[in-house]
Amino acid sequence: VLTMLGPGTWASPSWRQLVNFDGGWFRAIAVDGYGPWPEPWPPSEGQWTRFPFFPLFPMLAKALQTLGIPIDVALVGVAWAAALLAAAGIYRLDARHVPEPTARLAVWGAGRLPGAVTLGMGYSDGVFLAGCVWAVVWAEDRRWGWAAFAALAATAARPNGGLILVTVALVAWSASGRLRALATLWAPTAVFGAYGVVCMVRWTGGPRAFLTAKAGWFEVNAIDLVQQFERNAFVHLLLGLIGLGAVLAMFRRIPVPWTVHTVASI
């Protein structure tokens, strides 16, 4: 449907329709890197940069491009493959805690949530989701190294992916209570974070550039929404509250780390 909304036809679809909006930022990073920071720094509203977008997803697409795959196809291909991997993880994780038919419904439900449209576009959401889900799967299996790798993938895909570290830490602590497991889970992401800080200092002179750069976007938080109604932000808030209500209504039947992750994410 998205490809048909543009200039494409059924015989020759327009892949660029799947790399619109934030997909364009990932495409730019994959092709040209992060580029220079604006002057003066920090940026003001409307002074957009690539720094808020984390590197793993465009790096994966760039790797495919070096094999001769067009960058738009590479971005969408990585997103689709990651979404499929995430779906497998959702099924495997849920099948442990709920009846098998419910686990299947969970996969279909995840693919039909309002925000799931980005799983089919050139966005990092599929990599983020797959990393989060498999981090919990492998943490429950006590395969700490694999869980650490998945947590790193989630964090390197999106800034809020780092919340999965708290979730897997809770899983590890309830499973073993060993500090060694926690250290294993956190170490790769800590190295990535340290390297990212070094790069930000080198490029912009500040360690929090990816957060500072968000000043270039029009952002609405809960306080802003109370002071001045903004329709799109209200829709996001409403969907978040519905999800939160559903999880809290079932908190006695699902693992505590899942509830903690939901509350932290929202």
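Trainee: What makes the nonpolar surface patch, and how big is its area?

Mentor: In this predicted model, F229, F234, V235, L237, L238, L239, L241 and I242 make a nonpolar surface patch of about 740 Å².

Trainee: Is L241 then called exposed or partly exposed, and why?

Mentor: Exposed requires over 50% and buried requires under 20%. At 47%, L241 falls in between, so the label is partly exposed.

Trainee: Why is T259 called buried?

Mentor: T259 has a relative accessible area of 14%, which is under 20%, so buried is the label. T259 sits in helix α12, residues 256–265. Leaving aside residues up to four places away in sequence, T259 touches V247, L248, F251 and I254.

Trainee: Which other residues of α12 are buried, and what do the buried residues pack against?

Mentor: Besides T259, the buried residues of α12 are P257, W258, H261 and T262. The buried residues of this helix pack against α3 (71–95), α5 (125–140), α7 (164–175) and α11.

Trainee: How many disulfides are there, and what is the rule?

Mentor: Two cysteine sulfur atoms must lie within 2.5 Å. By this rule the count is zero. As for burial, C132 at 7% is under the 20% limit and therefore buried. C199 at 12% is also under 20%, so C199 is buried.

Trainee: How many aromatic pairs are found, and why is W25 with W48 called edge-to-face?

Mentor: The search of the whole structure gives 13 aromatic pairs. For W25 and W48 the centres are 6.4 Å apart, within the 6.5 Å limit, and the planes make 75 degrees, over 60, so the pair is edge-to-face. W25 lies in helix α1 (residues 22–32) and W48 in the loop between α1 and α2 (56–65), so the pair ties together parts 23 residues apart in sequence.

Trainee: Are W25 and W48 buried or exposed?

Mentor: W25 has 18%, under 20%, so W25 is buried. W48 has 52%, over 50%, so W48 is exposed.

Trainee: What makes the pair of W25 and F53 stacked?

Mentor: Their centres are 5.8 Å apart and their planes 15 degrees apart; the angle is under 30, so the pair is stacked. This pair links W25 in helix α1 to F53 in the loop between α1 and α2, 28 residues apart. F53 is buried, with a relative accessible area of 10%. One aromatic cluster is formed by W25, F26, W48, F53, F57 and W217.

Trainee: How do you know that D141 and R92 form a salt bridge?

Mentor: The N to O distance is 3.3 Å, within the 4 Å limit, so the pair counts. D141 is in the loop between α5 and α6 (144–157) and R92 in helix α3, 49 residues apart. Seven salt bridges are found in the whole structure.

Trainee: Why does R96 with E140 count, and which network includes them?

Mentor: Their closest N and O atoms are 3.0 Å apart, within 4 Å, so this is a salt bridge. R96 is in the loop between α3 and α4 (100–110), and E140 in helix α5. R96 is partly exposed at 33%, and E140 is partly exposed at 25%. Salt bridges that share partners join R92, R96, E140 and D141 into one network.

Terms used:
Residues are numbered from 1 along each chain as its sequence is written. This is a predicted model: local features need pLDDT of at least 70, side-chain atom pairs count only at pLDDT 80 or more; totals for chains, interfaces and linings use all residues. Side-chain values use heavy atoms; hydrogens and water are left out. Patches are made of residues with over 30% relative accessible area and no salt bridge: like charges are joined within 9 Å, nonpolar side chains (Val, Leu, Ile, Met, Phe, Trp, Tyr) within 5 Å. Accessible areas come from the Shrake-Rupley method with a 1.4 Å probe; for residues, only the protein chains shown count as cover. A salt bridge is a side-chain nitrogen of Lys or Arg within 4 Å of a carboxyl oxygen of Asp or Glu. Buried means under 20% relative accessible area, exposed over 50%, partly exposed in between (1.4 Å probe, protein chains only). Helices (H or I, at least four residues) and strands (E, at least two) are DSSP runs, numbered from the N terminus. Contact means heavy atoms within 4.5 Å. Rings of Phe, Tyr and Trp (its six-membered ring) pair if their centres lie within 6.5 Å; planes under 30 degrees apart count as stacked, over 60 as edge-to-face and the rest as tilted.
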